[in-house]
Amino acid sequence: MEIALAVLIGMFFTVSIYLLLSRAIIRMLLGIAILGNGVNLLIFTAGRLTKEIPPIIPMGQDGLIEPFANPLPQALILTAIVIGFALFTFLLVLGYRAYQELDADDTDTMRLAEPERAPRPPLSY
Amino acid sequence: MAADKTNIVESSELPVAMIDVATSFADWLIILPTVIALMGAALLIMLRFNKAIQAGLAILIVVGIIILEVRLFLNVMEFGTQSMTMGKWLPPFGISFTVDVISIGFALAGAIVTLAVLIYAQADISSREVKYGFHSLVLLLLAGVTGAFMTGDLFNLYVWFEVMLIASFGLIIMGGRKIQLDGAIKYGFLNFLATTFFLISLGLIYGLFGTLNMADISQVSAQAPIGPLTAIGALLLLAFGMKGAAFPVNAWLPASYHTPHPAVSALFGGLLTKVGAYALLRSLLLIMPSARDFLDPVITFLAIATLILAPLGALAQTNLRRAIGFLLIGGVGSVLVGLGVPTIRGVAGASIYIFHSMLTISALYLMAGLIERIMGTQDTRKMGGLYSASSWLSILFLVLVFAVAGLPPFLGFWPKLLLIEASLSQGDVWLVVALVLNSLLTTIAGTRLWAHIFWRSGPVGENSEQENKKLKPLTLREKYLCVTPTTILVLFIVFFGLKPAMIFDAGRMAAYGLLDNSEYIEVTGLADPTKEKVE
């Protein structure tokens, strides 16, 4: 099961890196979204996989009985999903605003902050 | 193992994984600066339509935080590293805040910079931006930075990084000019990517160690297999290097830091990259030193490349704030030198350098804001003649240039001296060459800026000996609100440069804390008792 998930994570990473290398903002956004999901799967797998044993304390017991699924990676992933979602939303709006204002989805034409033909520094002093 | 934790849970009948004593005031002090900043940010959002009290309240909150942090700093200097754990669970299950000298020193410097920026910003931002929550975003950023410096848990560090990131997103686009959108795209994507790399390494750390508490990992990382450990270390180096704008992954910084308001630039330059540099020191020196040893040649190479290429970038710039951005990147190279020579001197040098860089770079950006205000442009080719208009500003700028280049007697000299001594003692001659070359190139770049802005009488081609008529003199309000905080930051730099004893003490303690993990582990209550008995 771990191996299957590891291959899946590898595929997620490959796709997202390919998309992130693109010049188009919208593709980079898709890459970021897929990368986030890949990372979540990675944390999930790194926390060791256990099948169908929820970490719930049975009736009348004081604590969990081994074996049980590790609840911590799930908590980590939940946090990462929420945070990643918030930041992704911001980037989505930012990309759209940039498309409206700068009329550019291609990062190559987005050169306001770093002019393409930057002036040479003065030779004095 | 479990029974040994009773020294923390005194006379407890609960399971020993729980804390049942009330948190003492000394422990509250550890978390209060972060909590107050967060609550303050929330309060200011609720009061966002009441524009008149926003600034006063924000400044009051930051002053309160500074007072608490001074108290905490004195506590840490006197009694050593302190730790508290939240939510009744003992570490490594509960999240610890562990404060040593390096944490509280940087947090204090960050709060001071924030205060200076808040005062400066009163003349810099419009009332519309106040309504959009400028002050609460600044406090949120401070909360993220303070939390990142103080936390003792790696996942918690990730959360603080994201708090910082979302606040900085809000600040960098405040104003909504086209150039800001352009800068924000580059800043946003690359920084989000850096924190995602950090998250990947967190997943791997959890897989390898089964814990995310820094003290807990530090205890066992030496026994971990070197292969996975080095992979994690390299990933952390990439993630934090990207956050701190080290050499091959620094492109986002000069692309974005000159786009927002100067006050926001100063805040970012003083706080954000420093958190990346701090996280590098914390993770590779305290948590997994064996990964650092394996990566040593890489770190040395990155340090040399960053040190030499960054001031060359500054030399080639005609945009004032972009040039300062490159000077900022050069400073990250000095921190990498400290990481490359992990002796007491080297690490103390890197820690003091971060402290120095927080104050100096912020002051430089504030200064750049003042210069742009008077000149009406960011382009150094169109500047000139400021010396006769304001000699005070020209003195401040020259002091800052010397400080950032590491010339005595200012604060920047001492960490560079320590770093050079450490590199010599380790036989890393190339690091010494790079450090000296960096100082030389930074001096050239900085004094060229000074000559162009202040010394010559006008823009290129202007040969008249008369005063530059196009300058817009500062109003009285601007003088009070903008020049005063800049001057105070510069005075700090001069003062600590002339009286470096206290800084040296703190730096040495910080280095001991990072290189010897026993105290850090002990205060979190995770120390292995069998080991203590041997000692």
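Predicted model: local features only at pLDDT ≥ 70, side-chain atom pairs only at ≥ 80, totals over all residues.

Biologist: Why does H6(B) count as roughly antiparallel to H11(B)?

Modeller: Because the angle is about 160°, and angles over 145 count as roughly antiparallel, H6(B) gets that label against H11(B).

Biologist: Is the crossing of H6(B) and H11(B) left-handed or right-handed?

Modeller: Left-handed.

Biologist: And which residues in H6(B) meet H11(B)?

Modeller: On the H6(B) side you've got B:Leu157, B:Met164, B:Ser168, B:Leu171 and B:Ile172. They meet B:Val264, B:Phe268, B:Leu272, B:Val275 and B:Ala279 in H11(B). By class, that contact splits into nine nonpolar, one polar and no charged residues.

Biologist: OK, another pair. How do H14(B) and H16(B) pack?

Modeller: H14(B) and helix H16 (residues 391-405) of chain B pack at an angle of about 145°, with 10 Å between their axes. The crossing of H14(B) and H16(B) is left-handed. From H14(B), B:Thr360, B:Ala363, B:Leu364, B:Met367 and B:Leu370 meet a set in H16(B) including B:Leu393, B:Phe397 and B:Leu400. The residues of that contact are ten nonpolar, one polar and no charged.

Biologist: Switching to the core: how many residues are in the largest nonpolar one?

Modeller: It has 218 residues. The ones with the most contacts inside it are B:Leu139, B:Leu141, B:Met164, B:Met367 and B:Leu400. Helix H14 (residues 344-375) of chain B gives the most to this core, with 20 residues.

Biologist: What does B:Leu139 touch, leaving out residues up to four places away in sequence?

Modeller: B:Ala37, B:Gly40, B:Ala41, B:Leu44, B:Ala58 and B:Ile61.

Biologist: And B:Met39, where does that lie?

Modeller: In helix H1 (residues 25-46) of chain B. B:Met39 counts as partly exposed, because it has 13 C-beta neighbours inside 10 Å. B:Met39 and B:Ala143 are 104 residues apart in sequence, yet 9.2 Å apart in space, C-alpha to C-alpha.

Biologist: Last topic, the two chains. How many residues of chain A are in contact with chain B?

Modeller: 33 residues of chain A, against 35 residues of chain B. Helix H2 (25-46) and helix H3 (71-102) of chain A each supply at least two residues of chain A's side. H3(A) gives the most to that side, with 15 residues.

Biologist: What's the class breakdown on chain A's side?

Modeller: 26 nonpolar, four polar and three charged residues.

Notes: Residues numbered from 1 in each chain as written. Chains lettered and ligands numbered in written order. Contact = placed C-beta atoms within 7 Å. Helix = DSSP H or I, 4+ residues; strand = E, 2+ residues; numbered from the N terminus. Nonpolar A, V, L, I, M, F, W, Y, C, P; charged D, E, K, R; others polar. Core = buried A, V, L, I, M, F, W, Y, C linked by C-beta atoms within 7 Å. Buried ≥ 20, exposed ≤ 12 C-beta atoms within 10 Å, placed from the backbone. Axes fitted to C-alpha atoms, helices over the stretch in contact; angles between N-to-C directions. Parallel < 35°, antiparallel > 145°, perpendicular 65-115°, else oblique. Left-handed = near helix turned anticlockwise from the far one by under 90°.
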